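Visitor: I would like a short tour of the pockets in this protein. Can you take me through them?

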Amino acid sequence: MTAIAVLGSTNMDLVAYVPKAPRLGETVTGRAFRTVPGGKGANQAVAAARCGGEVVMIGAVGADDLGVRLRSALASAGVDTAALRTVEGASGTAHITVDDEGANSIIVVPGANAHVTGLEAGDDSRIGAADCLLLQLELPLDAVLAGARAARAHGGVRTVLTPAPAQPLPAELLAATDLLVPNEHEAAALTGLTDPHRAAEALLEQVPEVVITLGAAGSLYAARGREPLTVPAPRVRAVDTTAAGDTFVGALAVALGEGRPVDSALAWASCAAALSVQRPGAQDSMPTRAEVVAFAAGQGIR
C-alpha cells in the first residue's frame with residue numbers, strides 16, 4: 001500500500017448551483033445549495049485514500065461546527081487525522097458557483113489554514129515515513145516550504161506539488177519538487193506560455209517531471225530526457241468539475257507509488273477524475289478504488 005502524506009488545506013465548500021454564472025455586478029437565482037467538505041489538501045487526501053493509499057493529513061481546522069464535520073469526513077474516508085490540529089476561530093471555507101455546464105468559479109477564505117505556518121511536532125517523521133508528499137498552495141508558503149524541505153531531508157519521498165492557486169514559486173520550492181502538476185491555466189501563469197507543450201518545456205528547466213492536466217483533453221507528461229506523452233481522458237458528461245484535478249492527483253500518487261508505468265498511471269488517474277466529474281460536490285464525488293478499477297477496465301486500462 002502506498003504511504004502518502006498530505007500537507008494542505010481543509011475547507012468547507014459552500015456550493016451554489018446556477019444555470020449560468022453571474023457576470024460582474026449581476027445577481028442570478030440559483031437552483032440548489034450544498035455544503036460539502038473540500039479544500040485542495042483534504043480533497044487530495046480523500047482521493048488517495050479512496051483509491052487505496054494509506055494517507056495522513058497534516059493541516060488545521062477551526063474550533064467550530066465546520067471543523068468537526070471536516071475532521072469527520074476525512075476520518076470516514078480512511079484518512080489518518082492525528083496531525084490535523086484544531087485552532088481557535090473559523091475553519092476555512094470555499095465559496096463555489098457551479099453552472100449547468102459543470103464549470104466552476106471559487107473564492108477561498110483560508111480561516112484555520114492561515115495558522116499553518118510550519119510543521120508541528122511529529123509532522124517531520126510522518127513525512128519521512130511516506131512514499132509521497134502531496135503539496136498545494138492553499139497554505140502559507142512557509143508551511144509548504146517546510147514540508148518540501150522535510151521530504152528532501154529524509155530522501156526517498158517523492159514530492160508532488162499542485163501549484164494552485166497559481167503564484168510565483170520560490171526557487172527553493174521548485175528545487176525540492178519531484179513532480180509538478182499544474183492545469184493548463186496554472187502552467188500558463190507560471191511560464192507566460194499558453195501552449196502546454198512549450199509551457200512544459202519551460203517548467204522542465206526548474207523541475208525534473210511535469211504533468212499538465214488538460215481537462216477533457218486528458219494530460220500531458222514531460223520529463224527531462226524523455227519524449228512528451230499525451231494521455232487522453234475518457235469521454236463523459238461533466239456535472240461538476242470542482243474536484244477533478246485533486247482526484248487526478250490523489251489517484252496518480254497511488255498509481256505511481258504502486259509502481260505503474262507513467263502512461264498507465266496517468267490513464268488510471270484520468271479514469272478516477274472522469275468518474276468524479278459525473279457527480280456533484282468535491283469529496284462526495286470521489287470514486288472508490290473498486291469503482292476506478294471497474295471503469296478503467298471498461299476503457300481497456302489495467
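Visitor: Which element gives the largest share of the lining of the second largest pocket?

Guide: Bear in mind that this is a predicted model. Two elements give two or more residues to this lining, β1 (3-7) and β4 (54-62). The largest share is 3 residues, and the element that supplies them is β4.

Visitor: Which residues line the second largest pocket, and how do they divide by class?

Guide: The lining residues are A3, I4, E54, V55, V56, G78, D80, R126, A129 and A130. By class, the lining has 6 nonpolar, 1 polar and 3 charged residues.

Visitor: How much space lies in the largest pocket?

Guide: Start with the second largest pocket, which holds about 170 Å³. Now turn to the largest pocket. Its space is about 1200 Å³.

Visitor: Which element supplies the largest share of the lining of the largest pocket?

Guide: Several elements each supply at least two residues, among them β2 (11-17), α1 (40-50), α6 (184-191) and α8 (244-257). The largest share is 5 residues, and it comes from α8.

Visitor: Which residues lie nearest the centre of the largest pocket?

Guide: The lining has 43 residues. They divide into 22 nonpolar, 14 polar and 7 charged. Nearest the centre lie N183, T241, T242, A244 and G245.

Notes:
Residues numbered from 1 in each chain as written. Predicted model: local features only at pLDDT ≥ 70, side-chain atom pairs only at ≥ 80, totals over all residues. Heavy atoms only, no water. 1 Å grid on protein atoms, 1.4 Å probe; cavity = no way out; pocket = protein on both sides within 12 Å on 5 of 7 lines; lining within 4 Å. Points joined across faces, edges and corners; volume = space filled by probe spheres on them. Helix = DSSP H or I, 4+ residues; strand = E, 2+ residues; numbered from the N terminus. Nonpolar A, V, L, I, M, F, W, Y, C, P; charged D, E, K, R; others polar.
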